[in-house]
Amino acid sequence: MHSLIDDVRLINLPGLSEENGEIIFVDGVNDIPFPISRAFMVKGGADSIRGRHAHRNCKQFLLCIDGSIVVLCDDGNNEVKFKLDCSNIGLFVPPGIWAEQQYIEPGSILVAFCDRPFEESDYIRDRKEFLNFCNKKY
């Protein structure tokens, strides 16, 4: 499955703010467009770049819970950058989108929610292979 850049979108999560803090809700039915099967966290140093891959089938929702991260998304023809620096706004990345995360502040933390368990065969880690994958889908 190959998606287009217009399928990538920011999603505002509901939450409650009180005098003593806030709570943000992540619901894999109502708030993000898939049921959650897996979640993981990545912590990066300033100016480090992570990701650099696409998925054949996996949908992801990326949420920066601390710091600031710029996510470059690419569908093989178009690129868009999204800045994640607010813990209640995440990014939906459908399958077939190349994504790279640049960690802007030291200690920035990204949480990724996925609709599938880890499957190495789902990853496209080579840029040339990704572009071939995109061309087969048009």
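This is a predicted model: local features need pLDDT of at least 70, side-chain atom pairs count only at pLDDT 80 or more; totals for chains, interfaces and linings use all residues.
Local features need pLDDT of at least 70 and side-chain atom pairs count only at pLDDT 80 or more, while totals for chains, interfaces and linings use all residues. Residues are numbered from 1 along each chain as its sequence is written, and side-chain values use heavy atoms, with hydrogens and water left out.

Start with the open sheet. Five strands form it, in the order β8-β7-β10-β5-β12, and the pairing is antiparallel. Strands here are DSSP runs of E with at least two residues, numbered from the N terminus. Two of them pair if DSSP finds at least two bridges between them. The edges are β8 (79-84) and β12 (123-124), each of which pairs on one side only.

Strand β7 (residues 69-74) is joined to β8 by 6 bridges, and the two run antiparallel. Here L72 stands opposite K81 of β8. Between β7 and β10 there are 6 bridges, again antiparallel. I69 faces Y103 of β10 in this pairing. Next come β10 and β5, antiparallel and joined by 4 bridges. I49 has Q102 in β10 as its bridge partner.

Strand β6 (residues 60-66) makes two pairings of its own. One is with β9 (residues 89-93), through 3 bridges, antiparallel. Within it, Q60 is bridged to V93 of β9. The other is with β11 (residues 108-114), through 6 bridges, also antiparallel. There F61 has F113 of β11 as its bridge partner. Strand β6 is mostly covered, with 5 of its 7 residues buried. Buried means under 20% relative accessible area, exposed over 50%, and partly exposed in between (1.4 Å probe, protein chains only). As a general point, side chains in a regular strand alternate between the two faces of the sheet.

The structure holds 4 aromatic pairs. Rings of Phe, Tyr and Trp (its six-membered ring) pair if their centres lie within 6.5 Å; planes under 30 degrees apart count as stacked, over 60 as edge-to-face, and the rest as tilted. F34 sits in the loop between β3 (21-24) and β4 (38-44) and F92 in strand β9, so the pair ties together parts that are 58 residues apart in sequence. Both residues are covered. F34 is buried at a relative accessible area of 2%, and F92 is buried at 7%.

F61 and F113 form another tilted pair, 6.4 Å centre to centre with 40° between the planes. This pair links distant parts of the chain, since F61 belongs to strand β6 and F113 to strand β11, 52 residues apart. F61 and F113 are both buried.

R127 lies over the face of W98, at 5.4 Å from the ring centre. The criterion is NZ of Lys or CZ of Arg within 6 Å of the ring centre and within 35 degrees of the ring normal.

On a 1 Å grid over the protein atoms alone, a cavity is a set of points where a 1.4 Å probe fits but cannot get out; a pocket is an open set with protein on both sides within 12 Å along at least five of seven lines; lining residues have an atom within 4 Å of a point. Grid points are joined across faces, edges and corners, and a volume is the space filled by probe spheres set on the points.

There is 1 cavity of 30 Å³ or more. The largest cavity has a volume of about 60 Å³. Its lining includes H53, C58, Q60, V93, I97 and Q101. Strands β5 (49-55) and β10 (98-103) each supply at least two of the lining residues, and β5 gives the largest share, 3 residues. The lining divides into 7 nonpolar, 4 polar and no charged residues. Ala, Val, Leu, Ile, Met, Phe, Trp, Tyr, Cys and Pro count as nonpolar, Asp, Glu, Lys and Arg as charged, and the others, Gly among them, as polar.

The largest pocket has a volume of about 190 Å³. It is lined by 13 residues, with F40, V42, G51, H53 and Q101 nearest its centre. Strands β4, β5, β6, β10 and β11 each supply at least two lining residues. The largest share, 3 residues, comes from β5. By class, the pocket lining has 7 nonpolar, 4 polar and 2 charged residues.
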